[in-house]
Amino acid sequence: MAEKACVKRLQKEYRALCKEPVSHVVARPSPNDILEWHYVLEGSEGTPFAGGYYYGKIKFPPEYPFKPPGISMTTPNGRFMTQKKICLSMSDFHPESWNPMWSVSSILTGLLSFMMDNSPTTGSVTTSVAEKEKLAKASLAFNCKNPTFRKLFPEYVEKYEQQQLPAQPVPEQVSSVPTQAEESRPLLDEHGNSTKDDVNRVKPIKDVKNRQRQSFPTWLLLLLVSIFGVVMALPLLQL
């Protein structure tokens, strides 16, 4: 059972983490046991761990902060063994070097920094850069299979689910601006129709004049010529 000072200290540290989050580090206590914390370290850019999400646990002793915690990592990472305690100067491997002023944020920041190094220690492994990069890409999918991880870190589960969605194709935008040919077609049609209309108007006028000329009786013309002579009948011939 945790001592009162331990519980008070861990509650204070959790409030501090919520108020001022640490870069590349997320840590939350277990809902049922404040001595057991779960964390996620995000791999730093420019390293083989970039794009990786490394889930692990911190187990605090009831005497914390006067005694150091045990630290382990769950996600395969290529740097540390999984489910094994990691030897750090701020872990329970070295109680003689422990400083009660250290906190959850300083412990995990130190772990992330040591992870980027290649120095051997108890609980470390040696792998190639390619292997670390491969594990980094697979880390989030691995973590999301863990029920505790899914419960404590829903934001990472949502991130993983978003990554699994198929890429949406960008729809082609159809221009609503008419082309020059489309703009000119109505004008051509309008002009073409008006020209045809004008021709159709002119033709009936000519037809009326022709019909007027053809409809003048021949016998009447001869009668007028015999009576008035050619000079008087000439204007009628011009109709």
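User: Which residues touch the most other members of the largest nonpolar core?
Analyst: This is a predicted model. In its largest nonpolar core, which has 30 residues, they are Tyr39, Leu41, Phe60, Met73, Val104, Leu108 and Leu111.

User: Which elements give two or more residues to this core?
Analyst: They are α1 (4-19), β1 (25-30), β2 (33-42), β3 (53-59), β4 (70-73) and α2 (104-115). The most comes from α2, which gives seven residues. In general, nonpolar side chains in soluble globular proteins tend to be buried together.

User: What is valine 104 in contact with, leaving aside neighbours within four places in sequence?
Analyst: Valine 104 contacts Leu10, Glu13, Leu17, Ala27, Trp37, Ile58, Phe60 and Tyr64.

User: And the second core, how many residues does that one have?
Analyst: Eleven, and this core is separate. Among its members are Leu140, Phe149, Leu152 and Phe153.

User: Switching to α1. Which of its residues are buried?
Analyst: Cys6, Arg9, Leu10, Glu13 and Leu17 are buried in α1. Viewed down the helix axis, the buried residues fall within an arc of 95°, so they line one face.

User: What does the face of α1 turned away from the buried side carry?
Analyst: That face has the exposed residues Lys4, Lys8, Lys12, Arg15 and Lys19. On the buried side, the cover includes β1, β2 and α2.

User: What span should α1 have, at 1.5 Å a residue?
Analyst: The 16 residues of α1 should span 22 Å, and the end C-alpha atoms are 23 Å apart, which agrees.

User: Now the strands. How many bridges pair β1 with β2, and in what sense?
Analyst: There are six bridges, in the antiparallel sense. The two strands are joined by a hairpin through two residues. Valine 25 has leucine 41 in β2 as its bridge partner.

User: How about β2 and β3, how many bridges there?
Analyst: Seven, again with the strands antiparallel. Tryptophan 37 has isoleucine 58 in β3 as its bridge partner, and glutamate 42 stands opposite tyrosine 53 in β3.

User: And what joins β3 to β4?
Analyst: Four bridges, with the strands running antiparallel. Isoleucine 58 is opposite isoleucine 71 in β4.

User: Is β3 enclosed or open, and why?
Analyst: Five of the seven residues of β3 are buried, so the strand is largely enclosed by the rest of the structure.

User: What does the side chain of serine 139 reach?
Analyst: It reaches the backbone nitrogen of tyrosine 53, at 2.9 Å. Leaving aside neighbours within four places in sequence, serine 139 is in contact with Gly51, Gly52, Tyr53 and Thr75.

User: Last topic, backbone geometry. Which peptide bond is cis?
Analyst: The bond from tyrosine 64 to proline 65 is cis, with omega near 15°. Proline 65 lies in the loop between β3 and β4.

User: What is phi for histidine 24?
Analyst: Phi of histidine 24 is near 70°, a positive value in a residue other than glycine. Histidine 24 is in the loop between α1 and β1, and is partly exposed at 31% relative accessible area.

User: And glutamine 83, what is phi there?
Analyst: Near 60°, which is positive as well, and glutamine 83 is not a glycine either. Glutamine 83 is in the loop between β4 and α2 and counts as exposed, at 53% relative accessibility. For reference, most residues other than glycine have a negative phi, and most peptide bonds are trans.

Notes. Residues numbered from 1 in each chain as written. Predicted model: local features only at pLDDT ≥ 70, side-chain atom pairs only at ≥ 80, totals over all residues. Heavy atoms only, no water. Core = buried A, V, L, I, M, F, W, Y, C linked by side-chain atoms within 4.5 Å. Buried < 20%, exposed > 50% of the residue type's maximum accessible area, 1.4 Å probe, protein only. Contact = heavy atoms within 4.5 Å. Expected span 1.5 Å × (residues − 1). Arc of directions from axis to C-beta. Pairing = 2+ DSSP bridges. Polar contact = N/O pair within 3.5 Å; in protein donor to acceptor, adjacent residues only side chain to side chain.
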